[in-house]
Amino acid sequence: MNQPKIDSKKKLKPAKLYDQSGVLAIMDKRIVLITTIKSGKWGIPKGIIGKGMTPIESAEQEAYEEAGIVGQVIHDQIGEYKHKKWDGICTVKVYPLLVENLLDNWEEKNLRKRIIVEPKQAISLVRKRVLREIIRNYFKF
């Protein structure tokens, strides 16, 4: 029986792990969604937790930069999910954020689309199953 050849020069590398935080941005019982830059799929503002920042501070900053959202996180973490990116695995902590203001112009306006939708519509638009579950659980339906 032939056995597969093993290349001794190739070693398994441990996966790179990245900590991210993001927000479920809530405005008048609706949700603000944004598209990803590369694929254009709908999701939430999120990003790598900034050096010297708490996950909440970083999540609020990402909401501002990616979606032009001014607001504050109103509760503890409501969920967490993982996704593959940059040859590694990102763990995203999700926090509910109460939107105080939506800016007309923001840093990534020309890179992303932004919409405000009812929670049930958000579930139909969001690509990640676990993020759909976080929305469903938060709005209790």
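Let me start with one term: a residue is buried under 20% relative accessible area, exposed over 50%, and partly exposed in between, using a 1.4 Å probe and protein chains only. Glu-133, for example, comes out as partly exposed at 31% relative accessibility.

Okay, what are we looking at? It's a predicted model, where local features need pLDDT of at least 70, side-chain atom pairs count only at pLDDT 80 or more, and totals for chains, interfaces and linings use all residues. Residues are numbered from 1 along each chain as its sequence is written, and side-chain values use heavy atoms, with hydrogens and water left out.

So, the overall layout. The protein has three helices and eight strands; helices here are DSSP runs of H or I with at least four residues, strands are runs of E with at least two, and both are numbered from the N terminus. Going from the N terminus, the order is β-β-β-β-α-β-β-β-β-α-α. There are 141 residues, and 39% of them are buried. Now contacts, meaning heavy atoms within 4.5 Å: of those with a separation of 6 or more, 69% are between residues 24 or more positions apart.

Let's move to helix α1. It has 13 residues and spans 17 Å from first C-alpha to last, close to the 18 Å expected at 1.5 Å a residue. That expected span is 1.5 Å times one less than the number of residues. Which residues of α1 are buried? They are Ser-58, Ala-59, Glu-62, Ala-63, Glu-65, Glu-66 and Ala-67. These buried residues pack against β1, β2, β4, β5, β7 and β8.

Next along is Ile-69, in strand β5. Ile-69 is buried, at 1% relative accessibility. Leaving out residues up to four places away in sequence, Ile-69 touches Ala-25, Val-32, Pro-45, Ala-63, Tyr-64, Leu-97, Val-99, Asn-101 and Leu-102. Take Glu-100 as well: it sits 31 residues from Ile-69 in sequence, while their C-alpha atoms are 7.7 Å apart in space.

On to charges. How many salt bridges does the structure hold? Three, where a salt bridge is a side-chain nitrogen of Lys or Arg within 4 Å of a carboxyl oxygen of Asp or Glu. One of them brings together the side chains of Arg-112 and Glu-66, at 3.3 Å from N to O.

In general, an α-helix has 3.6 residues a turn, so residues three or four places apart point the same way. Arg-136 is partly exposed, with a relative accessible area of 26%. As for shared partners, salt bridges join Glu-66, Glu-108 and Arg-112 into one network.

Now a quick stop at the loop between β1 and β2, where we find Asp-28 and Lys-29. Asp-28 has a positive phi, near 55°, and Lys-29 has one near 65°. Most residues other than glycine have a negative phi. Asp-28 is exposed at 62% relative accessibility, and Lys-29 is exposed at 67%.

Last thing, the largest pocket. It holds about 470 Å³ of space. Of its 25 lining residues, Thr-36, Ile-37, Lys-46, Lys-85 and Arg-127 are the closest to its centre. By "pocket" I mean, on a 1 Å grid over the protein atoms alone, an open set of points where a 1.4 Å probe fits, with protein on both sides within 12 Å along at least five of seven lines; lining residues have an atom within 4 Å of a point. The volume is the space filled by probe spheres set on those points, which are joined across faces, edges and corners. Which element gives the largest share of the lining? That's β6, with four residues.
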